[in-house]
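Let's walk through this model together, one region at a time. Have the structure open as you read.

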Amino acid sequence: MATRMDLDGRPIKPMTICMIGAGGFIGSHLCEKLMAETPHKVLALDVYSDKIKHLLEPDSRSWAGRIVFHRLNIKHDSRLEGLIKMADLTINLAAICTPADYNTRPLDTIYSNFIDALPVVKYCSENNKRLIHFSTCEVYGKTIGSFLPKDSPLRKDPAYYVLKEDTSPCIFGSIEKQRWSYACAKQLIERLIYAEGAENGLDFTIVRPFNWIGPRMDFIPGIDGPSEGVPRVLACLSNNLLRREPLKLVDGGESQRTFVYIMDAIEAVLLMIENPDRANGHIFNVGNPNNEVTVRQLAEMMTKVYAKVSGEPSLESPTIDVSSKEFYGEGYDDSDKRIPDMTIINRQLGWNPKTTLWDLLESTLTYQHRTYAEAIKKSMVKPIAS
Ligand SMILES: NC(=O)c1ccc[n+]([C@@H]2O[C@H](COP(=O)([O-])OP(=O)(O)OC[C@H]3O[C@@H](n4cnc5c(N)ncnc54)[C@H](O)[C@@H]3O)[C@@H](O)[C@H]2O)c1
Ligand SMILES: O=c1ccn([C@@H]2O[C@H](COP(=O)(O)OP(=O)(O)O[C@H]3OC[C@@H](O)[C@H](O)[C@H]3O)[C@@H](O)[C@H]2O)c(=O)[nH]1
């Protein structure tokens with residue numbers, strides 16, 4: 001493998017990365033990228049390994065031995081500090097991060113996103129190790145514009161909705177809207193990391209992902225996850241399409257999101273890993289401001305794309321409205337609109353997303369169809385009564 005150069009033309013030394021939550025959606029893509037394109041080693045920590053098992057098989061692959069899986073729960077495992085000490089860099093991805101959990105399991109959500117992350121920050125700070133911590137775009141909460149009168153022309157002014165790392169406020173709902181337990185826990189761990197940087201010199205980078213989507217995201221209920229489980233929107237709507245049932249739109253599907261392809265987003269993370277001088281001390285939005293849709297538009301586009309990749313005609317009534325109370329239960333609330341400002345990541349790392357929403361849905365739904373269509377068909381065949 002040719003020596004890799006950083007953005008300032010210096011050779012990049014191979015490093016060891018302690019990746020916590022390596023078995024999840026983002027972790028699996030990051031591990032794949034690191035194995036295929038870099039000489040770095042990965043200590044992969046997670047309670048699950050299904051999504052990276054293809055990388056762990058002892059075969060003749062060129063990366064054999066560069067990735068080692070450690071099955072552990074960071075809540076209670078004394079191996080954690082030793083593994084952080086063995087590495088040059090720690091990346092913490094571990095979290096409960098599906099909205100269906102925020103209002104129904106608020107304690108688990110707060111513990112996972114704040115309390116369980118504390119030792120990771122502490123061990124990095126005490127051992128002078130660099131930390132890349134995964135936060136979320138949800139720390140911005142709602143836009144300022146959402147509080148303006150519906151007909152206010154200011155709602156169209158980007159100053160009232162574009163989310164900027166160093167100037168936008170974090171606006172959450174009231175305490176009984178437990179949806180915000182996740183965002184609030186993430187905000188507090190960001191503040192703690194920032195303070196460790198300011199007071200104790202911790203080298204940190206904070207990533208705020210804006211709806212990264214792609215293959216291996218979450219699970220399909222009843223196939224590789226619980227039948228009653230509610231994953232994030234991509235998997236929910238994929239599940240509906242695979243089962244040929246109407247796609248459920250929560251509260252009319254009016255909320256807006258920007259979706260970025262996981263493959264584009266992983267490029268940004270690799271730039272952070274390999275350019276510490278440009279990434280340390282920064283908080284980065286990572287998203288695609290050009291891929292904005294309402295959830296209703298997302299559902300309509302997914303319906304069209306799925307018909308194309310599966311060859312099956314769409315349903316006559318492809319969507320159905322459902323209230324948030326019915327879908328998520330008491331205490332749900334929502335972010336109205338999420339457009340990332342890209343100035344800082346552009347300036348520091350020269351990163352820009354490339355993939356359009358149509359293209360990323362086409363490759364992702366091709367994967368969903370190939371991976372799940374047969375299993376769904378089998379599961380839907382009713383057993384014959386004897
Ligand atoms: N995917 C997105 O669009 C998105 C958006 C915003 C923020 N994020 C953040 O990025 C990170 C990764 O997200 P993801 O989409 O890959 O989620 P994911 O749920 O697929 O991955 C998280 C992984 O962490 C592991 N984990 C959780 N608790 C653990 C513990 N106590 N010990 C060991 N492992 C544990 C889980 O088993 C899982 O494999 C999270 O911090 C999330 O909040 C993701
Ligand atoms: O079947 C569904 C599922 C979801 N939705 C809606 O689709 C939108 C997006 O839902 P997602 O499940 O992807 O979750 P959100 O975008 O609200 O939050 C996510 O954002 C960033 C991360 O921190 C987390 O991964 C998650 O909190 C929401 O408005 C939700 O109400 C539907 O209309 N139908």
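R216 sits in the loop that links β8 and α8; helices (H or I, at least four residues) and strands (E, at least two) are DSSP runs, numbered from the N terminus. R216 is not a glycine, yet its phi is positive, about 70°. Most residues other than glycine have a negative phi. R216 counts as buried because 21 other C-beta atoms lie within 10 Å. The terms work like this: a residue is buried if 20 or more other C-beta atoms lie within 10 Å of its own, exposed if 12 or fewer, and partly exposed in between, with C-beta atoms placed from the backbone.

Before going further, a word on the source: this is a predicted model, in which local features need pLDDT of at least 70 and side-chain atom pairs count only at pLDDT 80 or more, while totals for chains, interfaces and linings use all residues. Residues are numbered from 1 along each chain as its sequence is written, and chains are lettered from A and ligands numbered from 1 in the order in which they are written.

R244 is another residue other than glycine with a positive phi, near 55°. R244 is partly exposed because it has 14 C-beta neighbours inside 10 Å.

This region also takes us to ligand 2. α8 (233-242) and β9 (247-250) each give at least two residues to the shell around ligand 2. That shell has 18 residues, of which T136, R232, V233, C236 and V250 come nearest; a residue belongs if its C-beta atom, placed from the backbone, lies within 6 Å of the molecule. By class, nine are nonpolar, four polar and five charged. Here Ala, Val, Leu, Ile, Met, Phe, Trp, Tyr, Cys and Pro count as nonpolar, Asp, Glu, Lys and Arg as charged, and the others, Gly among them, as polar.

Now turn to ligand 1, which 24 residues surround, with G21, G24, I26, A95 and C97 the closest. Helix α1 (residues 25-37) gives the most to this shell, with three residues. The shell around ligand 1 has 13 nonpolar, eight polar and three charged residues.

Next, look at helix α6 (residues 118-126), where V120, V121, C124 and S125 are buried. They lie on the same side of α6 because they cover an arc of only 125° around the axis, taken from the directions from the helix axis to the C-beta atoms. The cover over these buried residues includes β1 (16-20), α3 (79-86), β4 (89-92), β5 and α7 (180-200). After α6 comes N128, with a positive phi near 50°.

Which residues have the most contacts inside the largest nonpolar core? They are M19 and C31, in a core of 101 residues; such a core is a set of buried Ala, Val, Leu, Ile, Met, Phe, Trp, Tyr and Cys residues joined through C-beta atoms within 7 Å. Leaving aside residues up to four places away in sequence, C31 touches M19, A22, V42, A44, I52, L55 and I67.

Key
Two residues are in contact if their C-beta atoms, placed from the backbone, lie within 7 Å.
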